[in-house]
Amino acid sequence: MPIQYYIILAATLFCIGVAGVLIRRNAIIIFMCIELMLNSVNLMLVAFSKMHYSLGNTGNKNAPLNIGTDAQLFVFFIMVVAAAEVSVGLAIIVMMYRNVHSTDVNFLNRLKN
Amino acid sequence: MSLVYLVPLFPLIGFLINGLFRNSLSKTLTGLIGSGVILASFIVSVVLFLNVRSGGALPVEPLFQFINIPAFKIDFAFQVDQLSALFLLIITGVGFLIHVYSTSYMHEEEPAHFARYFSYLNLFVFSMLLLVLGANYVIMFIGWEGVGLCSYLLIGYWFKNDSYNYAAKKAFVMNRIGDLGFLLGIFWLIAKLGTANYNDVFANVSQLSPTDITGITVLLFIGAMGKSAQIPLYTWLPDAMAGPTPVSALIHAATMVTAGIYMVARSNVLYSASAVAENLVAIIGIATALFSATIAIKQNDIKKVLAYSTVSQLGYMFLGLGVGAYTGAVFHVMTHAFFKALLFLGAGSVIHAIHNQQDIRYMGGLKKYLPVTHITFLAGCIAISGIPPFSGFFSKDEILAAAYAKNPVYWVLGVIGAGMTAFYMFRLYATTFLGTFRGTEEQKHHLHESSVAITTPLLILAILSVIGGFVNVPEILGGEQGLHQFLAPVLKTENAEAVHELGGNKEFTLMAISVGVAVLAILIALSRYAKKPELDEPAGFGKVLAKKWYIDEIYDALVVNPLAYLGNFFKNVVEKSGIDGFVNGVGTFVQYSSRRLRLIQNGKVGTYILFMVFSILVLWCIFFYQEKIVIFFNNIF
């Protein structure tokens with residue numbers, strides 16, 4: 001499958017994420033949109049990695065074995081970190097709900113007072 | 001260190017002591033210090049004069065280097081030769097008498113102001129000595145500016161009176177106009193010759209082109225016009241009467257106004273090399289002499305008459321300089337210093353006696369009450385009118401003879417001016433001293449002869465005015481022309497031969513005519529004003545003269561008001577809406593824009609993210625089209 005499909009898919013996902021962050025006010029949805037952006041980037045990484053893998057192995061017998069696999073490993077790390085981040089983020093949202101009985105981020109624009 | 005440095009040092013010390021300790025010195029002590037330092041200078045000057053007389057000019061020794069740059073060097077050096085030695089005597093001698101006179105005249109002042117007065121007076125003498133002694137034009141310029149400053153300070157001595165301050169400002173500004181010309185002349189000289197030392201300049205005159213010489217001399221003469229009150233820059237001198245009377249005497253006789261004469265006489269080598277400049281000097285001189293004499297005829301302020309007579313006499317001196325009679329001009333400076341100081345101090349004595357009344361219409365008959373002042377004043381009047389054997393006759397006659405040798409028209413005009421001089425002086429004399437007293441009864445009651453400190457200088461100056469002319473008796477009267485021989489090393493004397501060629505008879509005739517005109521004028525004046533003085537306001541042409549030909553008004557209309565208007569325009573329009581508008585505009589713009597921009601910081605996360613996204617987009621675009629943008633900007637710049 002050509003790389004352009006992956007790029008278009010990832011860009012679309014990313015734009016949906018951005019739009020969601022910009023438009024929505026519910027903290028949980030914003031959070032999900034952030035995850036969406038994160039994962040669209042992950043998708044890009046994996047896709048480019050795959051592309052490099054195939055490019056690196058065509059007609060090149062001396063290519064190192066690990067070519068094009070770094071990013072796939074890297075993505076796992078990102079997912080682990082993202083999981084940790086999600087737990088922290090959800091905890092913050094829970095605390096927020098307990099305090100203001102809402103998950104609307106616009107309630108939290110009073111940092112200045 | 002040579003003796004010459006003591007001459008200006010003494011007045012400087014006097015200035016410092018009187019100026020710094022003015023609050024703690026008693027009046028007696030101030031007067032003693034103020035006069036004493038001038039006396040000390042006078043004694044040193046006499047010693048120097050005798051040295052010069054027996055041994056010629058002293059060598060020029062630099063005290064230190066005033067300006068030292070690769071292009072040229074200016075030494076702080078003094079030059080004592082025949083010319084400056086003579087001026088030293090006049091300045092310190094007459095200056096000393098004026099100081100002594102001042103101790104009595106100014107005695108009613110507060111001690112602090114009394115000391116301030118004497119410190120200014122000392123500084124004045126110091127500046128004038130610097131001017132005369134300097135061995136180059138730059139040192140002369142320092143003194144030149146110094147006397148300008150001191151005249152400002154002294155004319156505005158009674159600074160609580162606004163019109164006096166105005167007169168002081170006027171004197172200062174008028175002088176500045178002339179000083180600019182003088183300064184440009186010096187620059188031109190240094191640019192062409194690389195030096196301002198008199199000796200070097202005069203030795204290298206041949207290196208200058210005729211245009212240079214004419215340009216330099218005319219520019220220097222503009223300086224002299226300001227300082228020596230010649231047309232068109234003369235109007236400050238009559239207004240300078242705002243100062244105390246001894247100051248007028250000092251300005252008119254010993255210092256300040258003679259600076260221009262001294263400068264031209266000092267530069268005689270330059271001036272005699274340029275026919276244009278010589279003619280200009282002569283024409284300006286004779287024009288000023290006649291013009292101010294006409295004004296003097298109708299003035300009623302005793303000091304104003306004397307002031308215009310000074311302007312007129314200065315015109316004679318410049319006529320002398322212009323026709324090449326340098327010695328005659330310097331001689332007239334000397335005799336004029338005697339009789340004009342005498343007349344001013346006499347006028348001061350009169351004013352003092354009748355309690356600050358200066359209008360001669362309210363005087364009259366003072367002969368009886370002020371015998372010493374009367375006799376000395378009369379001597380001064382006769383001297384200035386040019387009646388032999390008083391001093392003014394010899395000096396004026398010498399100038400007139402030289403003028404005749406150059407161009408008879410100058411002589412005719414000069415004789416007319418001399419007649420007017422005699423006329424207005426004796427109008428003044430008759431109105432003031434003859435007839436009956438016209439002041440109030442109270443003033444009459446207080447009339448008294450002035451104290452010894454006032455009458456002694458008057459008597460000394462009167463004696464000098466009478467006999468001062470004998471130092472330079474012309475040959476046809478059996479004299480030896482002593483001053484000519486004395487000044488011969490520094491002044492050109494080519495005109496003396498021209499006068500000599502006139503022949504004894506002709507010279508004698510000229511002399512007789514000018515004396516005859518003067519005597520006639522005196523008789524007319526006495527017969528007209530002795531019995532019934534002119535008390536009414538003048539009408540018709542007399543009014544034009546009394547209003548000084550409306551010259552002040554014309555200057556106001558032509559120069560002062562347009563400049564003031566321009567100044568107001570710049571102040572109110574260009575400054576207010578232009579400069580201020582721009583500066584305030586920048587401030588307002590920053591305030592306004594920051595007030596708007598502040599609203600962006602509204603605390604809403606969404607907005608921040610929106611800006612972030614857009615910024616990233618913009619940065620991404622810039623990055624993407626980097627090359628095109630670079631090319632675009634390269635095209636523009």
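Chain A averages a pLDDT of 85, with 85% of the residues scoring at least 70, where pLDDT is the predictor's confidence in each residue, from 0 to 100. This is a predicted model, in which local features need pLDDT of at least 70 and side-chain atom pairs count only at pLDDT 80 or more, while totals for chains, interfaces and linings use all residues. Residues are numbered from 1 along each chain as its sequence is written, and chains are lettered from A, with ligands numbered from 1, in the order in which they are written.

Stay with chain A and colour it by element: there are three helices and zero strands, where helices (H or I, at least four residues) and strands (E, at least two) are DSSP runs, numbered from the N terminus. Within chain A, confidence is highest in helix 1 (residues 3-23), at 92, and lowest in helix 2 (residues 27-57), at a mean of 87. Of the 113 residues of chain A, 11% count as buried; a residue is buried if 20 or more other C-beta atoms lie within 10 Å of its own, exposed if 12 or fewer, and partly exposed in between, with C-beta atoms placed from the backbone.

Next, show both chains and select the residues where they touch. The contact takes eight residues from chain A and seven residues from chain B, two residues being in contact if their C-beta atoms, placed from the backbone, lie within 7 Å. On the side of chain A that touches chain B, there are five nonpolar, two polar and one charged residues (Ala, Val, Leu, Ile, Met, Phe, Trp, Tyr, Cys and Pro count as nonpolar, Asp, Glu, Lys and Arg as charged, and the others, Gly among them, as polar). The model scores ipTM 0.74 and pTM 0.78.

Now move to chain B, whose mean pLDDT is 87, with 97% of its residues reaching 70 or more. Its domain assignment gives domain 1 (3-471 + 481-539), domain 2 (547-599) and domain 3 (600-637), with bounds that come from an automatic or database domain assignment. The centres of domain 1 and domain 2 of chain B, taken over C-alpha atoms, are separated by 43 Å.

Select B:V46, which lies in helix 2 (residues 27-55) of chain B. B:V46 is partly exposed, because 15 other C-beta atoms lie within 10 Å.

Then select residues 61-68 and 73-78 of chain B, strand 1 and strand 2, which run antiparallel and are joined by six bridges; strands pair if DSSP finds at least two bridges between them. A hairpin joins these strands of chain B through four residues, and B:E61 stands opposite B:F78 in strand 2.

Finish at helix 20 (residues 452-467) of chain B, which has 16 residues. Its buried residues include B:I454, B:L458, B:L461 and B:V466, and the buried residues of this helix pack against helix 3 (82-105), helix 15 (326-353), helix 16 (371-385) and helix 17 (391-406) of chain B.

Conventions:
The expected span of a helix is 1.5 Å times one less than its number of residues.
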